[in-house]
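Thanks for making the time this morning. Could everyone please bring the structure up on their own screen, so that we can walk through a few places in it together?

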Amino acid sequence: MVKDFHLFSDRKTRPYQHPVLFKNVFHASGDDWKRLRTIVSPTFTSGKMRKMFPMVRQCLGEYLDVLEVYATHGRDLNVKDMYQKLTMNVIGRCAFATDANALKDTRSTFVRHAQGMTEFKFWKMLGLFVLPLPVKKLLGLKFAGNEESNQFFLNLTKQIVERRKREGNTGKVYNDFVQLLVDAEAKSGNDGVAEGGPDEREGDSVEAHHVNEGKEELEVEKRTFAGNYGNKKLTIDEISAQGWIFFIAGSETTASTLGYASYELALSPHFQDRLYDEVCAAFDADGEIGYDQLSRLPFLDAVVTETLRLYPPVLRLDRKAKQDYRLADTGITISKGQDVEFPVYAIHHSELYYENADRFNPDRWMPQNRHKLIPYTYLPFGAGPRNCVGMRFGLMEVKLSLSHIIRRYRFVRSKQTAVPLQFPTVANLCIAKSVVVGIEKRFK
Ligand code: HEM
């Protein structure tokens with residue numbers, strides 16, 4: 001995934017395709033992927049995240065109002081469900097410049113189509129995986145999601161881009177992904193080199209999280225993008241496809257991280273109190289916390305990291321071999337075209353790499369223990385040049401939400417809190433049957 005990235009740069013072939021939506025950075029391969037990644041990466045620098053921060057904060061404000069009602073009436077919180085609404089509002093605002101209104105109106109047009117887009121019916125998935133291509137064509141079986149909903153999102157992005165182009169130079173400033181992608185379109189010729197001054201680059205390295213961003217990774221990245229791949233503009237379809245993948249890749253992953261963090265904190269009051277103390281000391285007199293302070297809180301980072309270790313939203317990573325490949329001295333040869341999977345969940349739960357691997361223990365990520373981490377045993381965001389491009393955004397959203405919530409409320413174990421959680425086998429995602437906790441106000 002890293003050292004010989006050039007031989008494993010593509011993902012495995014999916015049994016379904018979509019003519020427009022699959023023009024996104026996740027599904028693209030070869031030079032198409034290099035070009036998209038070169039254009040998309042600069043939309044996630046820490047400088048861009050700082051500008052998007054107020055939008056996320058605003059969505060969180062509405063969420064906190066809803067939590068207040070739950071805490072006041074002593075109602076249990078189905079965190080899985082509730083955080084999905086929060087992250088839907090955030091991505092709606094940041095990727096589609098639209099108020100999804102998911103918290104107040106569960107049948108809003110946006111919510112209905114968002115659910116339709118991710119509505120992967122079992123029989124349809126099965127058909128896509130097992131039927132031969134001619135039969136799939138005959139049945140019109142192309143894609144797992146609901147096509148009407150896909151079209152809704154494609155049209156939504158197109159309308160926004162066209163409206164903004166018409167607006168021209170009115171001086172209005174937009175800091176969302178749509179605008180960043182339109183600007184990337186206008187700034188063609190960008191060669192993917194990190195943007196921003198020293199502050200921005202320093203910020204980027206502080207947020208490197210615990211992924212392996214050492215010398216080896218940086219060199220591979222430099223080699224991978226050595227050509228001038230960003231010199232062809234994004235088409236309107238490509239802009240729409242990136243918005244779509246940001247939604248698909250960025251909402252469930254972030255919501256589940258928040259859900260499992262809340263669950264583990266409810267079960268470990270001593271860790272929750274430590275987090276509360278750290279967070280309270282970092283908030284200003286107006287009850288706010290800035291982007292930079294947030295990125296630098298060690299215990300908050302440790303809680304999020306440990307949550308992602310225990311519950312990596314993506315259970316396995318995958319790549320396809322470009323040519324026959326001998327796996328060191330194992331005697332195993334991976335054949336050209338073969339799919340390779342990396343069992344992230346199993347690695348994260350292995351006693352070989354983590355003592356008491358099934359136990360929630362954020363302390364293992366505190367700065368004094370960090371040297372014990374074995375490279376490439378922590379992979380919630382993948383590894384190498386094809387790792388999660390949205391990591392910084394996801395972490396910002398999770399940390400901002402947790403810090404504000406923990407400062408006001410206490411998560412507690414309730415009668416409905418399942419211990420342990422039940423995990424039905426669902427595709428490649430770490431999705432528990434139900435994650436429920438109680439919530440209490442810190443201040444009456
Ligand atoms: C906690 C939150 C998140 C987790 C755990 C996560 C995890 C992942 C993982 C495991 C991959 C595959 C990496 C690999 O194959 O090496 C990935 C790829 C990707 N993620 Fe995320 N993700 C998160 C949030 C986000 C967000 C918020 C966005 C966008 C707004 C996003 C956009 C993407 C995209 C576009 C890719 C494909 C990158 C490429 O192929 O070049 N992710 N993510």
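This is a predicted model: local features need pLDDT of at least 70, side-chain atom pairs count only at pLDDT 80 or more; totals for chains, interfaces and linings use all residues.

Let me begin with helix H2, residues 46-72, and helix H3, residues 79-96, which pack with their axes 9 Å apart and at an angle of about 150 degrees. Since angles over 145 degrees count as roughly antiparallel, that angle makes H2 roughly antiparallel to H3, and the crossing in which H2 passes H3 is right-handed. On the H2 side the residues that meet H3 include Met52, Met55, Val56, Leu60 and Tyr63, while on the H3 side they include Met82, Tyr83, Leu86 and Val90. Sorted by class, this contact of H2 with H3 has 13 nonpolar residues, together with two polar and two charged ones.

H3 also has a contact with helix H4, residues 109-117, and here the axes come within 12 Å and cross at roughly 95 degrees, so H3 and H4 are roughly perpendicular to each other. Met88, Gly92 and Phe96 of H3 make this contact with Phe110, Val111 and Ala114 of H4, which gives five nonpolar residues, one polar residue and no charged ones.

H12 passes H14 in a left-handed crossing, with Phe271, Arg274, Leu275 and Glu278 in H12 meeting Pro298, Phe299, Leu300 and Val303 in H14. The residues of this contact divide into six nonpolar and two charged, with no polar ones.

My last stop is valine 419, in the loop between strand S6 (409-412) and strand S7 (436-441). Is this valine buried, partly exposed or exposed? Its relative accessibility is 40%, and valine 419 therefore counts as partly exposed. Leaving aside residues up to four places away in sequence, valine 419 touches Tyr263, Leu267 and Arg413. Tyrosine 263 is 156 residues apart from valine 419 in sequence, yet their C-alpha atoms are 9.8 Å apart in space.

How values were computed
Residues are numbered from 1 along each chain as its sequence is written. Side-chain values use heavy atoms; hydrogens and water are left out. Axes are lines fitted to C-alpha atoms, for helices over the stretch in contact, and angles run from 0 to 180 degrees between N-to-C directions. Helices (H or I, at least four residues) and strands (E, at least two) are DSSP runs, numbered from the N terminus. Angles under 35 degrees count as roughly parallel, over 145 as roughly antiparallel, 65 to 115 as roughly perpendicular and the rest as oblique. A crossing is left-handed if the near helix is turned anticlockwise from the far one by less than a right angle, and right-handed if clockwise. Contact means heavy atoms within 4.5 Å. Ala, Val, Leu, Ile, Met, Phe, Trp, Tyr, Cys and Pro count as nonpolar, Asp, Glu, Lys and Arg as charged, and the others, Gly among them, as polar. Buried means under 20% relative accessible area, exposed over 50%, partly exposed in between (1.4 Å probe, protein chains only).
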